[in-house]
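I opened this notebook to record how the chains of one model meet.

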Amino acid sequence: MTTARAAAILLAKELRLEFRTRELLNATVVFSLIVIVLFSYTFEPTAAESRRYGPGLLWIAFLFAGSLMLHPSFAREQLNDTLDALRMTPVSSFAILLGKMLANFVFLSLSELVLVPVFAVLYNLSLSGVAGRLIIVLILGTSGLVITGTVFSAIAAHARMRELLLPLLLLPILAPLLIAAVEATALLLAEKPALDPTWVTFLGGFDIVFLTASWLLCDFLVEE
Amino acid sequence: MSARGTSTPSGHQPLGISFERVEKRFGSLVALRKVSLNIRSGEFVALLGPNGAGKSTLLRIAALLMNPSSGQVQFTGAAECRGDSGPQDGGRTREDVKRSIGMVGHSILLYDELSAAENLTLFAELYGLDDVSRRVVGALEACGLASRSRGLVRTFSRGMRQRLAIARALLHGPRLLLLDEPAAGLDRQGHLWMGATLARLRDEGCTVLMSTHARNESVDLATRAVSLLAGRIEEDSGPGGDPRPLLAALRAEA
Amino acid sequence: MTAVVAALIFFAGYAALFIAPEERTMHAVQRIFYFHLSAWITSFTAFAVVFLSNVAFLTTRRFEWDWLGVAAAEMGITCCTIGLITGPLWARPVWGIWWTWDARLTTTFLLWLLYISYLLLRGLLEDPQRRASLSAIFGIFAFLDVPLVYVSNRLWRTQHPQPVILGGEGSGLDPTMAKVLLLCVLAVFGIMIPILVDRYRLERLRHEVEELRFEVENRGTDFDPISTKGGL
């Protein structure tokens, strides 16, 4: 069986588990909304000010939400040792990891789908002209976040204080991603919106570097 | 509950397993000390010994869930195959071996938040089986959970969970069955079902390695008994030997 | 050995303070540069050693690499801390500010944070095998992140107003300055390598103590972590 097929089966399983309870999605959306609302106190949310601070605030909200949301990804498998059951099947470890990455990507993207319009309304920003280009930036940034986040969720699952540990491991690694995503978003929200090829390339590069590293290291990650 | 229909063996190649001077350390703790054990295909081995003797560790190594710290595990059968990694000389890969192994572990290895049918469907797909829905229905009927197929595993009783765990292990028609205290939590009826199922598998030539530290009826199916103590093989009735004295000792202890 | 290192440090300090020529615009403050840059070179070397140990552990599974990794990480963090303290001390009188978010500074700061996380992670993983392999994976990710951090900061700053920076220290180093710098680098390595070796030995001893304690505690009993694990 190909890795893609196995990852698709596992993705379907993750989605089924999540949509049965929607625990993760609800918590993530509410958490990010709180961050977005609280930030409105830190500056005057006029259109000009929002253009300056909005992109940073938006991505900080995603990063925090992601680093909280990704934790159960592997921790959930510890009940009934289901990760062992997956490891006994003839499926590659990369397929197991990839299935989880894809599922986390779906969850975070769905949260963003709710949050971005709310953010635009609350901070007086018009996204109508740049929606397509913004989606490119969101997809690339979210990919980088879930690739590293899923790997670190597997690492943190074995540690004490794992809920606290995941953000500690993840956030510093994501610093370059944050800079690139914030800058790319800021340029899209500027007076003359533009999709900066440098930042888009950088985000793509970030994703490729860490996806490759995950692929090379996945056997060590899911082993006993 | 019937003893039939739980498995449709994917192939009839025999599969044996041989441990050569296998040692397993957890940090400094030695769980297995240079265990050498050659199990031929078709044998039904009862693995005896007190808690902590190393039975679970041995089974997990056999299931390719962990690598031994030193020593080797080889899968024997139609084509020789070593258990450590990658495509093998004999033409059988680690993936092929995994397809031929079924395990009932300490935990039930099932998702609590999925239904019985969803769990079995998931694993049938991951094992790359064809005819998934027919197999799943067959397995659910065999373990007596057909009427609860849509119920979440979380809501099942201990005995039902264990029956489903056994059904999951047999789903892909393994040729080597690894059972870690499979009777745990089973009621009287469940015991009978498991005994009948294992008897049929033994007659079909499936190799079985079953650990137990207390009496369960299925132990009488064993063609060989091996007892472990503190990570070493203490006694072994040997292939073709008489396991009854060892099993009687187990009865006496209980 | 100790005497040689002590002499080296003494001489390096003497050279940095009295032999090296006075820098034209920065005067005496600039002399901190000899130790600032030496510390930075040593810390970066140490982090490279951590990365190599991580890769080596995952490929060979020998615990020696794990011990070297943690020893080098601590040494790197120590030197990095020295760099982060001496930097602002130098920057304040020269640039007029303690800190600026320029690419090099930001990269170093994040590097420091990443390796603190590495040690933190190790402290929270109990099983030695797991601690070694999972922290190695994190170490590799952290090291891969460093060039990305640097590049992103460079790109970022080119699009923003440059902070107040006088000419970089690399531009046209006086030959005497270069020699003194080399001496200082040697001195810092001279201190750090014996510490690294000692730290490595300490880690090995710790490993042995862990083993012995387990053996004593489990003598007679047949504790099996697997069969007590999944008793749900």
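Entry 1, conventions. I worked with a predicted model, in which local features need pLDDT of at least 70 and side-chain atom pairs count only at pLDDT 80 or more, while totals for chains, interfaces and linings use all residues. Residues are numbered from 1 along each chain as its sequence is written, and chains are lettered from A and ligands numbered from 1 in the order in which they are written.

Entry 2, chains B and A. I counted two residues as in contact if their C-beta atoms, placed from the backbone, lie within 7 Å. I found 24 residues of chain B and 20 residues of chain A in this contact. On the side of chain B that touches chain A, two or more residues come from each of helix H2 (94-99), strand E6 (101-104) and helix H3 (116-126) of chain B. Helices (H or I, at least four residues) and strands (E, at least two) are DSSP runs, numbered from the N terminus. H3(B) gives the most to this side, with five residues.

I looked up which elements the buried residues of H4(B) pack against (buried: 20 or more other C-beta atoms within 10 Å of a residue's own, placed from the backbone). They are H3 and helix H5 (158-170) of chain B. Just after H4(B), B:Gly144 takes a positive phi of about 75°.
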